[in-house]
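Biologist: I'm new to this one and would like a guided look. Could you put the structure up and start wherever you like?

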Amino acid sequence: MKLISANWKMNMTPTQTRDYITKFLPLVKDVKDREILLCVPYTSLCVAYDLLKDTHIKLGAQNVYYEPKGAFTGEISVAMLKDLGVSYVIVGHSERRWIFGERDETINRKLLACLDGGLRPILCVGERLEEREAGLTFKVVETQIRLALSSLEDHTDMIDIAYEPVWAIGSGNPATPEDAQIVHKFIKDLLKSINKNYQGKTRVLYGGSVNPQNAGEFMKMPDIDGLLVGTASLDPEAFAKIVNSF
Ligand code: PEP
């Protein structure tokens with residue numbers, strides 16, 4: 001099933017979360033042929049869970065720590081998220097890589113913890129502008145995926161991947177659907193080549209300045225299996241339009 005996910009980032013208080021979900025639910029109540037996911041801040045998980053638990057909308061987090069418990073002030077474990085009804089978690093978002101210095105090795109450990117704990121990760125990959133301009137898009141994406149999946153190669157069906165070119169995120173300047181398609185196909189071919197149990201269950205989402213006007217064009221591409229939406233997902237009506245755009 002296609003997956004359309006919101007990434008609210010550091011937006012929405014618990015009160016605003018309640019208002020958003022109350023507005024959003026009626027707009028998507030009849031949509032059953034695609035998966036809808038809200039990746040909300042940690043502080044909104046409880047209220048979101050209460051409102052979503054009897055619906056078909058899934059709940060996601062935006063980050064997780066790889067240790068199961070202990071003296072890691074400020075961190076949140078897989079088990080803590082699972083206990084709050086979370087089924088997905090974004091791992092390795094470019095903001096975590098470039099603002100918080102998250103390294104490939106850390107991302108790999110987080111993926112391992114998610115798979116061990118039964119949480120489905122959405123691994124984010126994507127090149128920066130200077131890398132694209134230097135013709136390094138495929139090399140960067142391949143390196144990020146190989147390092148993130150190191151020792152997990154035979155389990156790639158348990159994760160989804162978001163291709164998010166860094167220059168397209170929050171810039172109003174999306175990749176063209178055709179350019180994104182080429183990278184998505186490359187990612188799937190790569191997964192096929194590294195996973196000897198490959199079953200094609202990884203969905204490859206596109207992220208980067210998706211809005212209600214362009215979402216349908218991305219979803220026409222054969223290897224675009226869904227969308228990860230930041231800015232436009234902050235408005236329940238705009239996000240519902242994206243969900244309903246194909
Ligand atoms: C994101 O950060 O995951 C994202 C896709 O953001 P935006 O839609 O604002 O480009």
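Modeller: Let me start on the outside of helix α1, where Thr15, Thr22 and Lys23 are exposed on the face turned away from the buried side of the helix. Exposed means over 50% relative accessible area, buried means under 20%, and partly exposed lies in between, with a 1.4 Å probe and protein chains only. Helices (H or I, at least four residues) and strands (E, at least two) are DSSP runs, numbered from the N terminus.

Biologist: What sort of model is this, and how are residues numbered?

Modeller: This is a predicted model, in which local features need pLDDT of at least 70 and side-chain atom pairs count only at pLDDT 80 or more, while totals for chains, interfaces and linings use all residues. Residues are numbered from 1 along each chain as its sequence is written, and side-chain values use heavy atoms, with hydrogens and water left out.

Biologist: Back to α1, which residues are buried there?

Modeller: The buried residues of α1 are Thr17, Tyr20, Ile21, Phe24 and Val28. Seen down the axis of α1, they fall within an arc of 100°, so they line one face of the helix; the arc is that of the directions from the helix axis to the C-beta atoms.

Biologist: And what covers that buried side?

Modeller: The cover over the buried residues of α1 includes β2 (35-39), α2 (45-52), β3 (57-61) and α10 (236-243), where contact means heavy atoms within 4.5 Å.

Biologist: What does α2 pack against with its own buried residues?

Modeller: Leu45, Val47, Ala48 and Leu52 are the buried residues of α2. Viewed down the axis of α2, they fall within an arc of 165°, so they too line one face of their helix. They pack against α1, β2, β3 and α3 (78-83).

Biologist: Changing topic, how many aromatic pairs are there?

Modeller: The count comes to eight aromatic pairs, with rings of Phe, Tyr and Trp (its six-membered ring) pairing if their centres lie within 6.5 Å, and planes under 30 degrees apart counted as stacked, over 60 as edge-to-face and the rest as tilted. One of them is the edge-to-face pair of Trp8 and Tyr20, at 4.6 Å centre to centre with 65° between the planes. Trp8 sits in the loop between β1 (3-7) and α1, twelve residues from Tyr20 in helix α1, and both Trp8 and Tyr20 are buried. Ring pairs also link Trp8, Tyr20, Phe24 and Phe239 into a cluster.

Biologist: Which charged side chain lies over the face of Trp98?

Modeller: That is Arg128, at 3.8 Å from the ring centre of Trp98.

Biologist: How many disulfides turn up?

Modeller: A search of the whole structure finds zero disulfides, a disulfide being a pair of cysteine sulfur atoms within 2.5 Å.

Biologist: Last one, is Met10 buried or exposed?

Modeller: Met10, in the loop between β1 and α1, is exposed, with a relative accessible area of 81%.

Methods:
Lys NZ or Arg CZ within 6 Å of the ring centre and 35° of its normal.
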